Amino acid sequence: AALEKAEKPVMVIGRGILVSGAAEVMVQLAEKAGMPVATSVDGKGLIPDNHPLAIGPVGTYCKPCANQIVSEADLVFFAGTNTGDQTTKNWTLPTQGTTIIQLDINPEEIGRSYPGALGIAGDAKLSLEALVGTVGKGNRKEWTDHALSCVQEYQEKVKPYRNSDAAPIRPERVCREITDILADDAIVVADTGYSAIWAATQIDITSPKQTFLRAAGSLGWAFPASLGAKCAAPDRQV
C-alpha cells in the first residue's frame, strides 16, 4: 500500500539480490511500479547500467545522479542491502521523513538504521515475487523520465573525460576502455577505496551475464580475488 501510494519511489539494492538469485524479479517489480533503481557498490550490475531505470551506485561511492534521485524520493525501498554509512552517505540519504521499506533476510537489520521502517523479513527472491503479484502497475512516467534525464546529464558531463587523450591518462578513460573490451560474460574485480569508486561509477556493466565484484577490505585484494575468480570461472574473461 505504501508503494502504491508513493509518487516518487526509488529502490536501493545490494548483494543480497545476487545471493538470492532475485535480479530478474527485482527488475520486473521496478518496471511494474515505475521505480528507479540505485545500487550499493556490491550490488552493481544487478540491473544493467544501460537500463532506463538504472541510476547507478548511491551513497559515498556514488554517481551524483543516484544521490540526487534518492534525495528527492518520497519512498525508498532497500532490498538485499544493509543500510550502513557507505550506502546511505553517512545516513543522510534518504532524507529524514522519507517512507522506508526494508527487505532483508536478517530481521535484525530491519529498522536498525531507520526506526519505523516497513519491514519484510524474508528471502529476496520469494518476497519480490510476492510483491510483483500484488503491487499494482504504477503510472510514474514523469518521475522515471526525470530520473533518466539526471543520468543522461551526468553522462554528458563526464563524456569529455571518458574520451580524453590527456597524459597522464584520465581514470574515466581507463574505465571506458575497459568497458569497451568487456566480454558479454566478463567478471570485473575492483579494489576498495578510490578504485571501487572509479570502477563502480565509470565501468558499465550492460549484460546480466557480467559480474562486478568489489574486493572490500584492504587495498590490493582485487589481484588475488581476480585469480580466484579465474580459477572458479576459467572460461570467462576476468
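Buried here means under 20% relative accessible area, exposed means over 50%, and partly exposed covers what lies in between (1.4 Å probe, protein chains only). The model is predicted, so to speak of its ground rules: local features need pLDDT of at least 70, side-chain atom pairs count only at pLDDT 80 or more, and totals for chains, interfaces and linings use all residues. Residues are numbered from 1 along each chain as its sequence is written, and side-chain values use heavy atoms, with hydrogens and water left out.

On to the charged pairs. In one of them R170 pairs with E172, and the closest N and O atoms sit 2.8 Å apart. E172 counts as buried because its relative accessibility is 5%, while R170, at 28%, is partly exposed. Another bridge joins K209 to D184 at 3.8 Å, N to O. This pair ties together distant parts of the chain, 25 residues apart: K209 is in the loop between α8 and β8, and D184 is in the loop between α7 and β7 (187-191). Helices (H or I, at least four residues) and strands (E, at least two) are DSSP runs, numbered from the N terminus. K209 counts as exposed at 55% relative accessibility, and D184 as partly exposed at 45%.

D204 and R162 make a further bridge, with 3.6 Å between the closest N and O atoms. Here too distant parts of the chain are linked, 42 residues apart, with D204 in the loop between α8 and β8 (211-215) and R162 in helix α6. D204 is partly exposed at 23% relative accessible area, whereas R162 is buried at 13%. R173, R176, E177 and D180, for their part, are joined in a network of salt bridges.

Now for the inside. A nonpolar core is a set of buried Ala, Val, Leu, Ile, Met, Phe, Trp, Tyr and Cys residues joined through side-chain atoms within 4.5 Å. The largest such core has 28 residues, and M11, I13, I17, M26, L29, F77 and L128 have the most contacts inside it. At least two of its residues come from each of β1, α3 (23-33), β4, β5 (99-104) and α5 (124-134), and α3 gives the largest share, 6 residues. Contact means heavy atoms within 4.5 Å. Setting aside neighbours within four places in sequence, M26 touches M11, I13, I17, V37, L46, I47 and L128. There is also a second, separate core of 22 residues, including V10, I69, L93 and A147.

I69 turns up again in helix α4 (residues 64-72), where C65, A66, N67, I69 and V70 are buried. The buried residues of α4 pack against β1 (9-13), β2 (37-39), β3 (54-57), β4 (75-79) and α6 (141-162).

Helix α8 (residues 194-202) holds T201, which is buried at 5% relative accessible area. The T201 side chain reaches the backbone oxygen of I197 at 2.7 Å. Neighbours within four places in sequence aside, T201 is in contact with C62, K63 and Y154.

Finally, the outside. I181, in helix α7 (residues 171-181), counts as exposed at 56% relative accessibility.

Technical notes: A polar contact is a pair of N or O atoms within 3.5 Å; within protein, one must be able to donate a hydrogen and the other to accept it, and residues adjacent in sequence count only if both atoms are side-chain atoms. A salt bridge is a side-chain nitrogen of Lys or Arg within 4 Å of a carboxyl oxygen of Asp or Glu.
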